[in-house]
Amino acid sequence: MPAPRIPDFGALSVLVVGDLIADQWLYAQPRRLSREAPVMVLRHEKERLGAGGAANVARSLRALGAEVSLLGAIGRDASGRELLNLVESEGIDTSGVELVPGAVTPTKTRVLAAEPRRSLQQILRIDRDPPVPLDAEVRSRVAARTYALGRHVDALVVSDYEYGCAGPEVGAVALELARTGKVAVLDPRSSIDGFRGLTAITPNVAEVAHLVRADSPESLDDPAALRAAARALLDTSVSRFLLVTRGNLGMALFGEDLPEEGVAVEASGSGEVTDVCGAGDTAAAVFALALAAGLPASDAMVLANAASGVVVMEHGAAVCRPSQLAGALATAPAAVRFAGSTG
């Protein structure tokens, strides 16, 4: 089966709403064991700030040429200001992002270390989370902006990292936009409450296991178990499609106008995975963008899978550009009926 075509993504506009996260990366070299405690002493080399959560979804869309607007709420702290500057520098409209006085911008600090000429390894992650939930008035303002901007775009992507922006207020707006024919996609974390009637939801297999209260994510390696979980989620969410990202097992897709058993694709990419950070963001972004371009859902999955295979080859939350996507598609696996061949 020939690879799907890559549409003209530059003709599309997308609104991304959700939790904006600052990804801080610290690079170091190991020196010696500490005399103070049984830990390694590292020599600091450099550091950088990256965009995570909804901000990374926006970057993924923009890298493929789409016009992108970003909505959410961050703190007026240093991480928030630097994150906003980074996203703006890539041509993403952040005029609707609210800077909340006194709020803490969610920040994930990852420490990577290796000896010279060795591959970097993540040895520690420190999360700085907001001490209090996002205020209801802020959530309502984000939802109101989502409706105002969402009427003028081709697609809406909601990115939930459980920091409050992707609440039921936004869910109600997403439903209204989906009813008007907009592509509306939710990348959930631990709940789909408040989100019904969307075009698609794009959880990973661990999130599916949590949502259906399965014994473990590993239990869903069995195709029959995953199909049953997918049917339950589709019935609960009343979504048209469910795209499940399965790590090194690829992806599986269920829903409207597809075989009852679903379709699946093996993981794309031939090299050793370097960093899975942001792969789910890429999958949700590319799947939504391909649907908005009019591609069949199975082709949209193949594109999303190929793009995800590109970004996991790089450190940090990387993005996939059109030339990289074209190269990945040249050798990308095709979609097949989900009968266990990818499991």
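**Notebook: surface patch, cysteines, rings**

I started with Leu 124 and placed this residue in strand E7, which spans residues 121–128. The model I am reading is a predicted one.

Leu 124 makes one together with Ile 123 and Ile 126, and the area comes to about 280 Å².

Next, the cysteines. How many disulfides does a search of the whole structure find? The search returned zero. The cut-off I used for buried is under 20%.

Then the aromatic rings. I searched the whole structure for aromatic pairs and found one. Its members are Phe 254 and Phe 338, with ring centres 5.9 Å apart and planes at 75 degrees, so I noted the pair as edge-to-face. The cut-off for that label is over 60 degrees. Where do the two partners sit in the chain? Phe 254 belongs to strand E12 (residues 251–255), while Phe 338 is in the segment after strand E14 (336–337). They are 84 residues apart, and I recorded the pair as a link between distant parts of the chain. Buried or exposed, for Phe 254 and Phe 338? Both are buried.

Last entry: a charge over a ring. I found Lys 46 over the face of Tyr 27, at 5.0 Å from the ring centre.

Conventions
Residues numbered from 1 in each chain as written. Predicted model: local features only at pLDDT ≥ 70, side-chain atom pairs only at ≥ 80, totals over all residues. Heavy atoms only, no water. Patch = residues over 30% accessible without salt bridge, like charges linked within 9 Å, V, L, I, M, F, W, Y side chains within 5 Å. Areas by Shrake-Rupley, 256 points an atom, 1.4 Å probe, with all protein chains shown as cover. Salt bridge = Lys/Arg side-chain N within 4 Å of Asp/Glu carboxyl O. Helix = DSSP H or I, 4+ residues; strand = E, 2+ residues; numbered from the N terminus. Disulfide = S-S within 2.5 Å. Phe/Tyr/Trp six-rings, centres within 6.5 Å; stacked < 30°, edge-to-face > 60°. Buried < 20%, exposed > 50% of the residue type's maximum accessible area, 1.4 Å probe, protein only. Lys NZ or Arg CZ within 6 Å of the ring centre and 35° of its normal.
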